[in-house]
Amino acid sequence: MTTPALILDDVRVSYGDGESQVHALDGVSLTVHPGEFVAVVGPSGSGKSTLLAVAGALTTPDSGRVQVANEEITGFDDAELARIRREHVGFVFQSSGNLPSALRARDQLELAARVVGTRGRRSNDELLEAVGMSHRAGHRPATLSGGERQRIGIARALVGNPKLLLVDEPTAALDRHRSHEIVALLAEECHQVGVAGVMVTHDQDVLEHCDWVYEMVDGRLTPRG
Ligand code: ADP
């Protein structure tokens, strides 16, 4: 069995204290192996964003163990957490509205490559090809559709050849057809390249593309039976 790309073991995160304390993650355990693509569904406020933040080394939990790509990150300081994000984690955001507007598609990837340092597994041109965007390499975000922007966002997240791909509501701004295309693309990348994907979504419609589905309710995560 390969080493998991992500292990969360009895992770707890609380906000506030006393009467108003919120248990955003209330003993969450999750293991994702390379090549797996899992979904986490659940209502607003159930803890999904907090889960992504912990898995992506953006938030340190109050207790529990977090392992990313064979590195136990529990107790890491900010600089070490930044290295983990840079070396191992790719983030795909809601609607990829965060692509710098002045940069053409190929330069979005070039900028990301400078930040993470290229590791040469796939060139930026190959990544654009993989997400079906070679023909739009010279376009700026304003001239791309929502689905095309999301494809660039996915390619950008894959630039550093991450072990773990964390995806936050990727279909929030897309119609049904494009939603299926984008989630199928994410699943295909995970399966073919061996990256482990965790997608947070409200979109019940796209779960058929996922290997496993988990439900988050009040900070507790359970596999959907
Ligand atoms: P979701 O992504 O499922 O909407 P979140 O992880 O954002 O859920 O939030 C889980 C719970 O933690 C919610 O009750 C939310 O209000 C609370 N919460 C999240 N972040 C903070 C914060 N920085 N300060 C206080 N409460 C927070």
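This is a predicted model: local features need pLDDT of at least 70, side-chain atom pairs count only at pLDDT 80 or more; totals for chains, interfaces and linings use all residues.

Me: OK. How does the shell around the ligand split by class?
Reply: The shell has 4 nonpolar, 6 polar and 1 charged residues.

Me: Which residues are around the ligand?
Reply: They are Tyr15, Val22, Ala24, Pro43, Ser44, Gly45, Ser46, Gly47, Lys48, Ser49 and Thr50. A residue is near a molecule if one of its heavy atoms lies within 4 Å of it.

Me: Which elements supply at least two residues of that shell?
Reply: Strand S2 (22–32) and helix H1 (48–55) each do. H1 gives the largest share, 3 residues. Helices (H or I, at least four residues) and strands (E, at least two) are DSSP runs, numbered from the N terminus.

Me: What lies 2.6 Å from an oxygen atom of the ligand?
Reply: A backbone N or O atom of Gly45 lies 2.6 Å from a ligand oxygen atom, and an N or O atom in the side chain of Ser49 is 2.6 Å from an oxygen atom of the ligand. For Thr50, a polar side-chain atom lies 2.5 Å from an oxygen atom of the ligand.

Me: And how much of the ligand does the protein bury?
Reply: The protein buries 58% of the 560 Å² that the ligand exposes when taken alone. Accessible areas come from the Shrake-Rupley method with a 1.4 Å probe.

Me: Pockets next. What volume has the largest pocket?
Reply: About 390 Å³. On a 1 Å grid over the protein atoms alone, a pocket is an open set of points with protein on both sides within 12 Å along at least five of seven lines, whereas a cavity is a set of points where a 1.4 Å probe fits but cannot get out; lining residues have an atom within 4 Å of a point. Grid points are joined across faces, edges and corners, and a volume is the space filled by probe spheres set on the points.

Me: What lines the largest pocket?
Reply: 22 residues line the largest pocket, and Val89, Ala112, Val115, Val116 and Arg156 lie nearest its centre. Helix H2 (78–88), strand S6 (89–92), helix H3 (105–116) and helix H5 (146–158) are the elements that give two or more residues to this lining. The largest share, 5 residues, comes from H3. By class, the lining of the largest pocket divides into 12 nonpolar, 5 polar and 5 charged residues.

Me: And the second largest pocket?
Reply: The second largest pocket has a volume of about 190 Å³. It is lined by 13 residues, of which Ala5, Pro34, Ala69, Lys163 and Gly194 are the closest to its centre. That lining has 7 nonpolar, 4 polar and 2 charged residues.

Me: How many cavities of 30 Å³ or more are there?
Reply: There are 2. The largest cavity has a volume of about 60 Å³, and its lining is Ala57, Thr59, Thr60, Pro61, Val66, Ile73, Thr74, Phe76 and Leu81. That lining has 6 nonpolar, 3 polar and no charged residues.

Me: Now the sheet. What is the strand order?
Reply: The order is S2-S1-S4-S5, an open sheet of 4 strands with antiparallel pairing. Two strands pair if DSSP finds at least two bridges between them.

Me: Why is one side of S2 and of S5 left without a neighbour?
Reply: S2 and strand S5 (71–72) stand at the sheet edges with a single partner strand each, so one side of each has no neighbour in the sheet.

Me: How many bridges join S1 to S4?
Reply: 5 bridges join strand S1 (residues 6–15) to strand S4 (residues 63–68), in the antiparallel sense. Arg65 in S4 is the bridge partner of Asp9, and Gln67 in S4 is the bridge partner of Ile7.

Me: What about S1 and S2?
Reply: S1 and S2 pair antiparallel over 8 bridges, with Ser14 opposite His23 in S2. Their hairpin has 6 residues between the strands, and Gly16 takes a positive phi near 70 degrees there.

Key. Residues are numbered from 1 along each chain as its sequence is written. Side-chain values use heavy atoms; hydrogens and water are left out. A polar contact is a pair of N or O atoms within 3.5 Å; within protein, one must be able to donate a hydrogen and the other to accept it, and residues adjacent in sequence count only if both atoms are side-chain atoms. Ala, Val, Leu, Ile, Met, Phe, Trp, Tyr, Cys and Pro count as nonpolar, Asp, Glu, Lys and Arg as charged, and the others, Gly among them, as polar.
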